[in-house]
Amino acid sequence: MKIDKTFLRSKVGRRIFLLFISCALIPITILALLSFRHVTSQLNKQSQERLQQAAKAMSMHLFERLLFLEAGMEMVAANLESVDFSNLRAAAVEISDRLKEGFGALALVMDGGEAIPLIDFVPEPPPTVTEEETDHLRQGRTLINAEIRSNRPGVVFMRRLVDQANPSKGLLVGQVNNYYLWRRGEENPLPPMTELMVLDHNGEVLFSSLSGPRAVPQGELSNMTGTHSGQFEWRHDDREYVGRYLSMYMEKEFHIPKWLVVLCESKAHVLAPMARFKHIFPLVVLLALWVVLLLSVNQIRRNLVPLERLQEGTKRI
């Protein structure tokens, strides 16, 4: 479509044309900026709310699994109380298949240090027990320790006395199966495209689904260990993440000050709905400008061209 530009020779025509374009361009630009900011803020807010709910669900999920393993150790201890300890290796101790799934290894450790395997093989040597932890065990409670490893998931150990009134009957030591504790199966409450990290009370990584370096920024780590919950943003492997963390307090049950459940989501995934908005909105702006351009040219020509002709006729006369 060819646009007649003769009216642009008039100073008044040029002013009116620029006024029409400005009246269309300025409001649309402001609307685009406000819409972009509002949509981005809303998506970030929804992501934080989703991560907060998922962190609560994941904390309950982990706690329930630890309680199940504790209940399993209690049943094993009850079965061992009726077993002849002089011939324990030949005794049949009933252990459910699900408990075998939860423990990678389970053994009875006697006073002399002898370890008698109850599930497949003897666990790795757990961390040494302090006086406070010994008192916790003597109260008939279960003790959990975690051993931190570099570039590998930590190892979680569970210990419980067979008989708190008679510690000489031995100590049950279990090495928790990491896949059972952290796995992403059908029972796992994590939303899709969400990464999980679990830190101990010192900020050391027990588990991380992120590949490569798992270091959390030191500034964020200080906030996490000192507060109950919160949100943060950080960069990992050249990708930006938004995250949410929640504390699990298990001092009374397992003598653990707390674990930190950290969930994070890639900003690219959070702002994915904005990608379509970014493609569509410029096209809408161009369409609006084109419509304004056609209407303004049409109206200016209809009013100014006869005036220009009248002016030219007047000059000839």
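Reader: Which residue forms a salt bridge with Arg 50 through its side chain?

Author: The partner is Glu 265, with an N to O distance of 3.1 Å. A salt bridge here is a side-chain nitrogen of Lys or Arg within 4 Å of a carboxyl oxygen of Asp or Glu. Arg 50 lies in helix α1 and Glu 265 in strand β10 (residues 256-266), so the pair ties together parts that are 215 residues apart in sequence. Helices (H or I, at least four residues) and strands (E, at least two) are DSSP runs, numbered from the N terminus.

Reader: What kind of model is this?

Author: This is a predicted model, in which local features need pLDDT of at least 70 and side-chain atom pairs count only at pLDDT 80 or more, while totals for chains, interfaces and linings use all residues. Residues are numbered from 1 along each chain as its sequence is written, and side-chain values use heavy atoms, with hydrogens and water left out.

Reader: Back to that pair: is Glu 265 buried or exposed?

Author: Glu 265 is buried, at 1% relative accessibility, whereas Arg 50 is partly exposed at 35%. Buried means under 20% relative accessible area, exposed over 50%, and partly exposed in between (1.4 Å probe, protein chains only).

Reader: How many salt bridges does the structure hold?

Author: The structure holds five. One of them joins Arg 160 to Glu 74, with the closest N and O atoms 3.5 Å apart. That pair links strand β4 with helix α1, across 86 residues. Arg 160 is buried, with a relative accessible area of 12%, and Glu 74 is partly exposed at 37%. Glu 70, Glu 74 and Arg 160 are linked in a network of salt bridges. Asp 163 and Lys 169 also meet in a salt bridge, at 3.6 Å from N to O.

Reader: Changing topic, in what order do the strands of the sheet with β10 run?

Author: The order is β7-β6-β10-β9-β8, in an open sheet of five strands with antiparallel pairing. Two strands pair if DSSP finds at least two bridges between them. β7 (205-208) and β8 stand at the edges with a single partner strand each, so one side of each has no neighbour in the sheet.

Reader: How many residues lie between β8 and β9 in their hairpin?

Author: Two residues lie between them, and Asp 237 in the turn has a positive phi of about 50 degrees. β8 is joined to strand β9 (residues 239-250) by eight bridges, and Arg 235 stands opposite Glu 240 in β9.

Reader: Which side chains of β8 are buried?

Author: Gly 230, Phe 232, Trp 234 and His 236 point to one face and are buried.

Reader: Lastly, which residues of α3 are buried?

Author: In helix α3 (residues 131-138), Glu 133, His 136 and Leu 137 are buried. The face turned away from that buried side carries the exposed residues Glu 131, Glu 132 and Arg 138.
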